[in-house]
Amino acid sequence: MARVEKTNKLGLVKDDYQARPTTLCPGCGHNSISNQIVQSAFDLNIAQHQLLKMSGIGCSSKSPAYFLGRSHGFNALHGRMPSVVTGALMANHTLKAIAVSGDGDTGSIGMGQFKHVIRRNVPFVYIIENNGVYGLTKGQFSATAEEGLELKHYGRNEMPPIDLVLEAIISGATFVARSFSGDKKQVQALLEAAIAHKGTAILDIISPCVTFNNADTSHHSFPYGVKHEVPLHEIQIIAPDFVAPQDEIEVETYEDGQTIEVSMHDGTSVLLKKLDKDYDPRSKAQAYAVLEEAQREELFLTGLIYYEEPRPTLPELEQVADTPLALINDRPSKDKLDDIMKSFK
Amino acid sequence: MAVNLPLEQESATDSKPIVNDFAFSVATQNGSGSQTSNAVLVRSLFNMGIPVNGKNLFPSNIKGLPTWYTIRASKDGYVARRFTTEIVVAYNQDTVTEDIKNTPPGGVVIYRDDLKTPPERDDITYYPVPVRKLMKEANVARAFKARVENMTYVGVCAQLFDMDMDVVYQSLLDQFGGKEKPAQMNMDVIRLAYDWAAENLIKSDPFRFETMNGTAGKILITGNEAAALGSVFGGVHFVAWYPITPSTSVVDDIHKYRHLRKDDDGNYTLAIVQAEDELAAAGMIIGAGFGGARSMTATSGPGLSLMSEFVGLAYFAEIPCVFWDITRMGPSTGMPTRTSQGDLLFIHYLGHGDSHHIVLLPASPEEAFEFAWRSLDIAEEMQTPVFVMSDLDLGMNNWMADPFEYPSEPLKRGKVLDAESLTKFIKNHGKWGRYMDVDNDGVGYRTLPGTDHPNAAYFARGTGHNEMAVYSERSEDWLANMNRLRLKMETAKQHLPQNIEDYDANKSIGLISFGTNEPAMVEARDWLKNNGIESNYLRVRALPLSKDVFDFINKHKTIYVIENNFDGQLDQIIHMECKDNLTHVKSLTLGDGLPMTARWIVESIEEQETK
């Protein structure tokens with residue numbers, strides 16, 4: 001029997017959201033994330049021409065070539081993706097953007113741009129494919145590698161790791177999540193929520209490097225993630241489905257704290273169902289506390305770590321025209337110039 | 001070396017009046033408010049119809065260090081910095097000894113009478129000014145006294161050199177944007193000093209001003225403000241920047257005129273983002289250029305050092321964007337508040353690997369304005385970074401200029417395919433690839449993000465790619481790209497400002513220069529002619545060099561390349577790009593941190609010619 005491929009509301013099949021075949025190592029966590037991006041875009045009926053895919057430099061940053069082939073993409077410089085996204089979205093604020101970075105790209109060379117793009121609240125999904133190691137240059141420690149990690153050619157890491165989720169919250173991010181590339185369901189749920197978010201959405205996804213950092217004991221390895229991941233909650237996304245964009249966001253608590261519902265600006269609802277922990281991601285104090293606990297107890301906590309109603313975005317602060325700047329031809333009149341010239345005489 | 005100086009008196013010892021042809025040097029402390037008093041002097045002379053320049057020679061400091069301001073009045077319209085300044089206003093204890101020592105014989109020293117001065121010279125005229133006494137009498141609130149005491153030298157100069165006091169007041173009003181209260185407060189001090197000088201000083205020097213008609217229809221403006229206006233009228237959409245002297249006022253002035261760029265809803269068609277550093281500023285304008293916006297930044301040498309990796313990316317991914325380099329003295333932090341033409345070689349070839357860039361070289365506010373709007377057109381037409389190299393002298397000093405001409409052509413957006421034209425393109429050519437060269441001019445067709453067409457997307461990248469913008473490490477693809485980029489640079493030459501040439505086949509000496517050396521070149525050529533040395537002149541207005549430069553070189557027995565950097569960078573570029581015999585090309589370089597003078601050019605050429 002011939003298999004009938006499922007189409008989405010745009011009449012596209014999932015294959016239409018694919019791009020070139022990956023050149024990353026077989027089993028790389030990044031490939032799994034690329035697949036989730038494809039799945040989410042298909043499920044959300046995203047028109048690919050309305051989305052940008054951006055990246056820096058590194059294994060992770062190669063991956064935008066492997067998803068959403070009908071979206072414009074820009075593989076920028078090491079650690080400098082945030083500034084390029086900023087400019088691209090200022091040129092056309094009606095676009096959405098998904099950007100992929102790595103722990104070297106963001107946690108070391110790009111730490112400044114990471115923090116400043118958050119501070120400006122440039123509205124895009126910022127994914128860090130975090131594996132604790134430099135892949136393309138063959139296995140150096142990254143700044144997120146845990147203390148005590150031992151790698152083949154570089155010995156033991158004696159320095160404490162940088163927690164990018166913590167850094168994001170401190171910098172003023174309004175949507176900050178941590179996940180595990182092996183937890184496909186959670187990655188996809190968080191991705192969909194992040195896409196609906198009107199601000200910089202940070203997704204720190206532990207994404208194992210199967211070639212250089214995949215020992216059972218390594219905190220960024222696949223076996224470690226499978227064994228130790230502790231989701232803070234179960235996440236369910238309810239797509240907006242023709243719901244008109246809302247002016248105000250509503251955040252409510254239901255069922256005596258069992259479920260928290262976060263309604264996004266585009267009508268998407270994020271349902272967070274309580275698991276073992278009593279955790280409310282709308283509390284910055286709880287976020288700091290849980291991250292501190294995770295560090296101290298070496299817990300691999302995942303989920304929506306922090307959420308708040310977003311501040312105005314950069315294009316809003318700049319009061320840019322509704323029409324994308326790129327499409328505007330605006331030269332003030334000759335009279336205006338002549339008036340100005342008179343004032344200099 | 002003894003030089004005949006018909007256009008720049010070494011001494012003014014005879015008693016014949018010298019009218020509208022002398023220069024001032026005003027020595028004060030940085031941050032003491034002298035900027036206002038000097039601006040009033042310049043504007044007053046300008047308003048009296050006397051061609052004038054004013055150049056601020058200031059330290060990298062907010063308050064306290066010595067600063068000098070030179071003002072030159074020239075009935076003949078020469079506006080280059082003058083080497084000699086006959087009138088010295090010495091208001092700074094730290095430099096008074098040196099300032100008096102540097103006063104030429106026959107010159108004048110106007111000084112605060114509370115300064116400790118060296119033993120008097122008998123070949124100059126002294127006018128002590130009792131600043132403290134005058135300020136005691138002045139009806140000025142204590143809080144403002146320190147800030148207006150420099151107005152005392154304006155009053156004394158006005159009296160000694162016959163400046164029109166109504167014009168001085170009008171200039172004060174101009175300076176304070178029409179606000180009468182501060183203008184009046186300052187005018188009271190000027191008047192007090194003027195009256196005191198009339199009663200107490202005996203005029204014993206030959207210098208005076210006379211109203212003339214040499215500035216009618218002209219404006220006074222800084223190059224940075226001209227650049228800002230040119231960009232706003234050039235339809236720039238996006239500016240990202242990081243503050244750095246001497247470029248900062250380019251973006252300050254874009255802010256000032258941003259109100260001209262509102263749409264019918266009251267929203268802006270021009271956004272300005274202050275970045276966290278120059279790397280981010282470059283990244284933002286490249287992102288914006290990729291997104292289809294006309295984008296620019298303004299910076300100086302140290303900023304461009306940081307931006308160089310991004311510039312390489314923009315060059316290779318072929319992203320339009322404009323970089324203003326308001327040059328200052330390097331290497332390194334160098335002399336941040338001194339002028340230089342030292343970035344020419346650096347920006348022309350900026351980036352690792354094989355790259356070279358378009359550089360426009362304005363010499364005046366008019367050209368700063370014109371090159372500002374043209375650079376945005378050229379960037380989009382050529383799909384590449386375009387540099388405009390101004391300098392501190394043009395950028396931060398007030399220059400006389402003609403009112404700017406409204407852009408003569410509509411905005412040019414280059415080869416951009418929308419969904420409809422993309423369909424046609426594919427129909428005509430079978431397919432579309434971002435870097436396909438169907439016009440054989442090296443310039444491909446681009447699409448903008450947001451284009452609703454299943455084939456519109458491409459992946460911009462700094463990595464090796466083929467004409468379809470797909471990653472490639474194949475040597476053939478690489479070389480095809482480099483050859484196309486070379487062709488594109490050749491095409492670009494037709495879009496650049498043409499060089500300006502003054503040529504007469506009877507002359508065997510040719511001078512080549514660029515940028516803000518222009519006024520000194522004009523004056524030096526007159527001066528040389530008076531001394532019996534006739535010359536032709538070519539002013540380079542853009543890189544890459546076009547063929548006319550090499551033709552000019554080949555038509556002369558001797559060529560002097562005159563520039564305000566230490567290494568002779570234009571000369572080096574000529575030697576790299578021109579394959580002809582260049583043994584007759586000689587490099588004359590200054591690069592001392594100060595604007596070029598005619599005297600230095602004349603002395604340098606005469607030295608060569610009398611060898």
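Colleague: Helices here are DSSP runs of H or I with at least four residues, strands are E runs of at least two, and both are numbered from the N terminus. How many helices and strands does chain A have?

Modeller: Chain A has 11 helices and 16 strands. Keep in mind that this is a predicted model.

Colleague: What is the mean pLDDT of chain A?

Modeller: The mean is 93. In chain A, 94% of the residues reach 70 or more.

Colleague: Where does pLDDT stay under 50 in chain A?

Modeller: Over residues 242–251. For that stretch the model has 13 contacts beyond four places in sequence.

Colleague: Is Glu298(A) buried or exposed?

Modeller: Exposed, because it has 10 C-beta neighbours inside 10 Å and the cut-off for exposed is 12 or fewer.

Colleague: And Asn121(A), buried or exposed?

Modeller: Buried, because Asn121(A) has 21 C-beta neighbours inside 10 Å and 20 or more is enough. Asn121(A) also has a positive phi of about 55 degrees without being a glycine. It lies in the loop between H5 and strand S4 (125–130) of chain A.

Colleague: Let's move to the interface. How many residues of chain A are in contact with chain B?

Modeller: 48 residues of chain A, against 57 residues of chain B.

Colleague: Which elements of chain A give two or more residues to that side?

Modeller: Strand S2 (72–75), helix H3 (81–91), helix H5 (111–120) and helix H11 (334–343). H3(A) has the largest share, with eight residues. By class, the chain A side has 22 nonpolar, 17 polar and nine charged residues.

Colleague: What does S2(A) pair with?

Modeller: Strand S19 (residues 459–461) of chain B, in the parallel sense, over three bridges. Phe74(A) has Ala460(B) as its bridge partner there.

Colleague: Over to chain B. Which domains does the assignment give?

Modeller: Domain 1 (18–216), domain 2 (222–401), domain 3 (416–493) and domain 4 (500–609).

Colleague: How far apart are domain 2 and domain 4 of chain B?

Modeller: Their C-alpha centres lie 27 Å apart. Across the contact, 22 residues of domain 2 meet 22 residues of domain 4. Elements giving two or more residues to the domain 2 side are helix H12 (344–348), strand S14 (358–360), strand S15 (385–391) and helix H14 (392–396) of chain B. That side has 12 nonpolar, seven polar and three charged residues.

Colleague: Last topic, cis peptide bonds. What residue is joined to Pro246(B) by one?

Modeller: Thr245(B), with omega about 5 degrees. Pro246(B) is in the loop between strand S10 (238–241) and helix H9 (248–257) of chain B. Another cis peptide bond joins Gly330(B) and Pro331(B), with omega about 10 degrees.

Colleague: Where does Pro331(B) lie?

Modeller: In the loop between strand S13 (321–327) and H12 of chain B.

Definitions and conventions. Residues are numbered from 1 along each chain as its sequence is written. Chains are lettered from A and ligands numbered from 1 in the order in which they are written. This is a predicted model: local features need pLDDT of at least 70, side-chain atom pairs count only at pLDDT 80 or more; totals for chains, interfaces and linings use all residues. pLDDT is the predictor's confidence in each residue, from 0 to 100. Two residues are in contact if their C-beta atoms, placed from the backbone, lie within 7 Å. Ala, Val, Leu, Ile, Met, Phe, Trp, Tyr, Cys and Pro count as nonpolar, Asp, Glu, Lys and Arg as charged, and the others, Gly among them, as polar. Two strands pair if DSSP finds at least two bridges between them. Domain bounds come from an automatic or database domain assignment.
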